Amino acid sequence: MPGMTAPVFLRALVTGTPPHQVPQTQVQAAARSLFPRMAARPGLLDIFTNAQIQTRSLAQPLDWYLQPRSFQERNAAFVQEARVLSVRLAGQALTEAGLAPTDIDAVVFVNTSGISAPSLDAHLVEALGLSRHTVRLPVWGLGCAGGAAGLARAADLVRAGHRRVLLVAAELCSLTLLHGDESKSNFVGTALFSDGAAAAVLTAADVPGPAPLAEICGAYSSLIEDSEDIMGWDVVDEGLKVRFSRDIPTLVRGMMRDNVQEALAAHGWTRDEVDTFVVHPGGVKVLTAFEEALDLPPGTLDDSRTVLRDHGNMSGATVLFVLAETLKRRPSGLALLTAMGPGFSAEHVLLRFSET
């Protein structure tokens, strides 16, 4: 297992959402219309309130989702909107990092909520004017763990000699809604999932630029055996049908204490040295389970709860929103960024914030 390696700095991090911001109460009313049989079940509509989400951003106006849409139509909307959002945020990240597009040596593009071939990173090369020799690494299928894994892989590319790396995570989960699917998973997904993207620039330590936001010190990946039924997509004629188990909080309570200790120990860190936890907010029950597993004091995951409240669950991009929220507080010391996703898997990234 790798230990500490050459320093990699996070030079810029920007986040953004599509323009259609909708209160959770309006999404709840739409779900009542879309899924009348589910909505009639006692207490099921309470999922929207219990999710503790106030607003979410959508790739299309809410009324667009009230009509049946083919997989082809929804995926075309994904490609179009993800391109627009990722180009805008990537351009902002380059500006904040003080880099020209031609300075970028590699691009990591993370998504799971739509399909595109050529992959979306190819469009970034064209739209931003990156070098046509830029190394491209599209990462698909990691779901909610994608942002953490993408950050880790971008750091690996810097250490491998690609000194300036652009990372983009773009997820438009609302477009996976299956109009006629009255399964509980689809209904819960309607209460949780939303749309957003993040872009980051990572560089080698000696690359000139603004003061680093954080140092990427290492990463740790875990795949739980016999767990592919916990979370993921089932590909059906109508599109991508969400699959997740109600047992995820129980799994987190059972595995996360030891898994976090293993991740830290692999890099010579201990739990007592970590001051900050940047955790993907898969849902309020998952956050509570993480707190219980690690005996975290109240308030430790407030940044995760803030992002969940204001944005919902944007799959892999969400943990980067949490990191951006954490950076607003100008933290110092050691931190652990954590997200879980299909597999079932856990991705950890070890960070060091500046002491100044």
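## Pairing at E11

In which sense do E11 and strand E12 pair, and over how many bridges? E11 and strand E12 (residues 333–341) pair in the parallel sense, over 5 bridges. Two strands count as paired if DSSP finds at least two bridges between them. Strands (E, at least two residues) and helices (H or I, at least four residues) are DSSP runs, numbered from the N terminus. Leu336 in E12 is the bridge partner of Phe277. E11 is largely enclosed by the rest of the structure, because 5 of its 6 residues are buried. Buried stands for under 20% relative accessible area, exposed for over 50%, and partly exposed for values in between (1.4 Å probe, protein chains only).

The model is predicted: local features need pLDDT of at least 70, side-chain atom pairs count only at pLDDT 80 or more, and totals for chains, interfaces and linings use all residues. Residues are numbered from 1 along each chain as its sequence is written, and side-chain values use heavy atoms, with hydrogens and water left out.

## The sheet

E11 belongs to an open sheet of 9 strands, in the order E5-E4-E6-E7-E1-E8-E13-E12-E11, with mixed pairing. From one strand to the next the twist averages 25°. For such angles, axes are lines fitted to C-alpha atoms (for helices over the stretch in contact), and the values run from 0 to 180 degrees between N-to-C directions.

Strand E8 (residues 214–223) runs antiparallel to strand E13 (residues 345–353), and 8 bridges join the two. Across this pairing, Leu223 stands opposite Ser345, and Ser221 has Glu347 as its bridge partner in E13. E8 also pairs with E1 in the antiparallel sense, over 3 bridges, where Phe9 has Glu215 in E8 as its bridge partner. Since 8 of the 10 residues of E8 are buried, this strand is largely enclosed by the rest of the structure.

Contact is defined as heavy atoms within 4.5 Å.

Helix H9 also meets helix H10 (residues 302–311): their axes come within 11 Å and cross at roughly 175°. H9 and H10 are therefore roughly antiparallel to each other. On this scale, angles under 35 degrees count as roughly parallel, over 145 as roughly antiparallel, 65 to 115 as roughly perpendicular and the rest as oblique. From H9, Val284, Leu287, Thr288 and Glu291 meet Ser304, Arg305 and Leu308 of H10. The residues of this contact divide into 3 nonpolar, 2 polar and 2 charged. Here Ala, Val, Leu, Ile, Met, Phe, Trp, Tyr, Cys and Pro count as nonpolar, Asp, Glu, Lys and Arg as charged, and the others, Gly among them, as polar.

## A buried loop residue

Ser194 sits in the loop between helix H7 (184–192) and E7. Is Ser194 buried or exposed? Its relative accessible area is 0%, so Ser194 is buried. Apart from neighbours within four places in sequence, its contacts include Arg56, Ser57, Glu171, Cys173, His311 and Asn313.

## Salt bridges

The count comes to 15 salt bridges, each a side-chain nitrogen of Lys or Arg within 4 Å of a carboxyl oxygen of Asp or Glu. Arg164 forms one with Asp105, with the closest N and O atoms 3.9 Å apart. This pair links distant parts of the chain: Arg164 is in strand E6 and Asp105 in the loop between H4 and E4, 59 residues apart. Asp105 is partly exposed, at 26% relative accessible area.

Arg253 and Glu292 form another, at 2.5 Å between the closest N and O atoms. Arg253 lies in helix H8 (residues 248–265) and Glu292 in helix H9 (residues 284–294), so the pair ties together parts that are 39 residues apart in sequence. Both ends are partly exposed: Arg253 has a relative accessible area of 38%, and Glu292 has 43%. In helix H6 (residues 146–159), Arg159 and Asp156 are 3 residues apart, which means a separation of about one helical turn. Their side chains meet in a salt bridge of 3.5 Å, N to O.
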